[in-house]
Amino acid sequence: MLARSTSRCCTKLRAPASRLSLRVARPQCRQFSSPSSGASHSSGPNSSSAGLLAPFTSELDKIAPSFRINGSQVRVLQTPTEFYETLKDKIRKAEKRIFLSTLYIGKSEKELIATLQEALRAKPDLKLSILTDALRGTREAPNPSCASLLAPLISEFGPDRVEIRMYHTPNLTGLRKKHIPKRINEGWGLQHMKLYGIDDEIILSGANLSSDYFSDRQDRYHVYSSRDITEYFSNLQTAVSSLSFLVKPSSDPSGFKLVWPEDNSAISPLENPKKFVAESTALLSGLISPKTAPRTALDDTPAEKRDTSVYMLAQFSQLLSPDTSTELPAVSHVLRTLAAPEYANSSWTFTAGYFNPAPSLTKLLLGTASTNNVVITASPFANGFYQSPGVSGLLPDAYTLLARRFVRAVHESKHRGTTVLKEWRKGTVGEPGGWTYHAKGLWVTMPKNENPSISLIGSSNYTKRSYSLDLEANALIVTENEDLKKRLGEEQRWLQDNATVVTREDFAKTERRVGLKVRIAMMIVQLVGGAL
């Protein structure tokens, strides 16, 4: 299935000029004022939150590129069905471009493919670009797979209108690639970004594109009606695509082949992993740095109405040497800032379907001065691995053990009595009406505010592997817009509608105890946990 194109005649980084040619705008200034020590915050919610937001944005401006928009340009979706119907509706109405980044597209998603075909047939100038992961996208081959599902689009509409790319980690090559079973080879790194762009709008989510994510797998979904934000993530996808294999239709039993084009921006990771990383670093580091990132000025929102900053965060650790990724530094800064005394009456909500946060984040969460904090994670009965065949069926117990350890850490910290862990459950996986939980994110509410001013959304699971192996893309919202804050508050509350508090006493019950096999599960968590 892997085929090499004609030998690369040079190693100079290059990407199609039409893709990466951008009009660069000067950085947009924020109008948050820093709170003076001992300053009163009783002059109203807007002035109070604005002053308290300054310490966040002043440092975030140094970490990641951002755009200023109006809060009304962010729409918060609630259910998997609403996400799917919105995605299909926007695809049908697309005029210029559709670009989709995901871990995989379900091999049986014929309705989604038919929707893409419908749009492409109706609009001769419409172009489609899809980026998935090569390991996940070809796992079932030569049986039906994500790659074989997408290849016919190229046959029908031609390579000038449809481009399918599959990213392959540089960490899995040679004998390791040959002998590691397909079911677990994803533990060496994945393309994990979830970017769903149509014309000048983009949906950011943690959801992949398959039937469960469209029906009974709860995630989060934000629609950004911003040409600038959409263009930025489009160029991010383009850059990673130029570091990925190209899918071509084939008469082989698999129905496709993967080719490394000679005009890619780096040598193949299977040919020379170290050189691939070096050339990837040269391409990507400038795109994610606030000093050098191309920032367009396409939105027509008046300056005086731009009350929301959106920071573009990327975690590309496996492609950057040195690692200049922006997600972990940004999240760490937000949590570290919350440790200051003036945020004693703030609160945060943190969620991850697979509860295995990086140790540094756990420490920072428990080090904040915030109170009334909530962690939401999947109940074992809402875990995507519940009753899964083989060793992966042990994973829910592993996550239970990690959650129990966190509750114990809370009990032993200053957050005892101010921070709770809730398990999300809606029925039981595998039974009629049973859902799984896949949402991840962070919300921060300022003192004397009812709703969050800060929220993080995207593909990351905030695990150690997210910060070392996978490609992640996220957006961090910092807003003074009261309506957007209200919608973010509603989002964090409705995610708790099916969640209940779990205590140390609950974990001590016989049915919640984990056996010796959990040691095996813990090894799997370290290897592949949080990858889905």
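Which residues in α3 meet which residues in α4? The tour of this predicted model begins with that question.

**First stop: helices α3 and α4**

Select residues 80-92, which form helix α3, together with residues 110-122, which form helix α4. The two helices pack with their axes 8 Å apart and at an angle of about 20°. Because angles under 35 degrees count as roughly parallel, α3 is described as roughly parallel to α4. Now display the side chains at the contact. From α3, the residues are Tyr84, Leu87, Lys88, Ile91 and Arg92; from α4, they are Glu111, Leu112, Thr115, Leu116, Glu118 and Ala119.

**Second stop: the aromatic pairs**

The whole structure contains 15 aromatic pairs. For a pair of this kind, the description rests on the distance of the ring centres and the angle of the planes. Select Phe83 and Tyr221, whose ring centres are 4.9 Å apart. Their planes meet at 15°, so the pair is stacked. Phe83 belongs to helix α3, whereas Tyr221 belongs to strand β10 (residues 221-224); the pair therefore ties together parts that are 138 residues apart in sequence. Phe83 is buried, at 0% relative accessibility, and Tyr221 is likewise buried, at 0%.

Move on to Tyr354 and Phe385. This aromatic pair is tilted, with 5.6 Å from centre to centre and 45° between the planes. Tyr354 is in the loop between β14 and α11 (359-365), while Phe385 is in the loop between β15 (373-378) and α12 (395-411). The pair thus ties together parts that are 31 residues apart in sequence. Tyr354 is buried, with a relative accessible area of 1%, and Phe385 is buried, with 8%.

Select Ser346, in the loop between α10 (327-337) and β14 (347-352). Is Ser346 buried or exposed? Its relative accessible area is 0%, so Ser346 is buried.

Display what surrounds this residue. Setting aside neighbours within four places in sequence, Ser346 is in contact with Leu338, Ser370, Thr371, Asn373, Thr445, Met446 and Pro447. With Ser370, the side chain of Ser346 makes a polar contact of 2.8 Å. Finally, select Pro447: its C-alpha is 4.4 Å from that of Ser346, although the two residues are 101 residues apart in sequence.

Methods
Residues are numbered from 1 along each chain as its sequence is written. This is a predicted model: local features need pLDDT of at least 70, side-chain atom pairs count only at pLDDT 80 or more; totals for chains, interfaces and linings use all residues. Side-chain values use heavy atoms; hydrogens and water are left out. Axes are lines fitted to C-alpha atoms, for helices over the stretch in contact, and angles run from 0 to 180 degrees between N-to-C directions. Helices (H or I, at least four residues) and strands (E, at least two) are DSSP runs, numbered from the N terminus. Angles under 35 degrees count as roughly parallel, over 145 as roughly antiparallel, 65 to 115 as roughly perpendicular and the rest as oblique. Contact means heavy atoms within 4.5 Å. Buried means under 20% relative accessible area, exposed over 50%, partly exposed in between (1.4 Å probe, protein chains only). A polar contact is a pair of N or O atoms within 3.5 Å; within protein, one must be able to donate a hydrogen and the other to accept it, and residues adjacent in sequence count only if both atoms are side-chain atoms. Rings of Phe, Tyr and Trp (its six-membered ring) pair if their centres lie within 6.5 Å; planes under 30 degrees apart count as stacked, over 60 as edge-to-face and the rest as tilted.
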